[in-house]
Amino acid sequence: MGFYGDRIPPHLIELTCGMSALTPLRRRACAPLAGRVLEVGFGSGLNVEVYPATLTSVAAVEPSDVGWRMAADRVAASPVPIERSGLDGECLPFDDASFDTALSTFTLCTIPDLRAALAEIRRVLRPGGTFAFLEHGLAPDPDVQNWQRRLEPIQKRVAGGCHLTRDVRAELTAAGFALGAVDVFYQPGVPRPHGALSLGTARPD
């Protein structure tokens, strides 16, 4: 991955995705979680403080050692047991139907083979389980989409492979999920090409 790719993106993510303005959105995204939870793209643990009391354990999938070290204090303070349980969302080391719910926040944009990762999440969720997500991606407006396509090559280089144009809802549907309620909106105070958000749930179809 190299020095930059290994060490810099976790700090950029902490800075940009750790804004206090995102805390209410993270709380909304985490609200459906219950029981044994899989969090793909755990990062530095920015969701830990808004986990609901309905969780029994969290299996954290996080490829970055730097990100996991940054999460140490949050993990230690969590009332819910959290264990780093995998490094690669495209190949999860869990049995079929072994999680009640799953979570991703600002993660699906960076996974190289997103279809493989979504297939794995679907595989490890129990029947009737819920996948909760808060992600940025393809904007709803064509003029913003045009800017996203122009900016995406730069975004991918500086932000650890982050894509701006992934259509979260379409990708979930193609992976065999049935969408629940999904709120699509622009994050206030953020340039629209970078702030087109999708917050909602999906279930294995």
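Mentor: Strand β2 and strand β3 (residues 82–86) pair in the parallel sense over 4 bridges, where two strands are said to pair if DSSP finds at least two bridges between them, and where strands (E, at least two residues) and helices (H or I, at least four residues) are DSSP runs numbered from the N terminus. Within this pairing, V61 has G86 in β3 as its bridge partner. β2 also pairs with β1, again in the parallel sense, over 6 bridges, and here R36 has S57 in β2 as its bridge partner. The model is a predicted one, in which local features need pLDDT of at least 70 and side-chain atom pairs count only at pLDDT 80 or more, while totals for chains, interfaces and linings use all residues. Residues are numbered from 1 along each chain as its sequence is written, and side-chain values use heavy atoms, with hydrogens and water left out.

β2 is mostly covered, since 5 of its 7 residues are buried; buried means under 20% relative accessible area, exposed over 50%, and partly exposed in between, with a 1.4 Å probe and protein chains only.

The loop that leads from β1 to β2 deserves attention as well. F42 and W68 form a tilted aromatic pair, 5.5 Å centre to centre with 55° between the planes; rings of Phe, Tyr and Trp (its six-membered ring) pair if their centres lie within 6.5 Å, and planes under 30 degrees apart count as stacked, over 60 as edge-to-face and the rest as tilted. Because F42 lies in the loop between β1 (35–40) and β2 (55–61) and W68 in helix α3 (residues 65–70), the pair ties together parts that are 26 residues apart in sequence. Both F42 and W68 are buried.

Another tilted pair is formed by F131 and F177, 5.7 Å centre to centre and with 45° between the planes. F131 lies in strand β5 (residues 125–136) and F177 in strand β6 (residues 177–186), so this pair ties together parts that are 46 residues apart in sequence. Both F131 and F177 are buried, and together with F133 they form one aromatic cluster.

Of the 205 residues of the chain, 48% count as buried.
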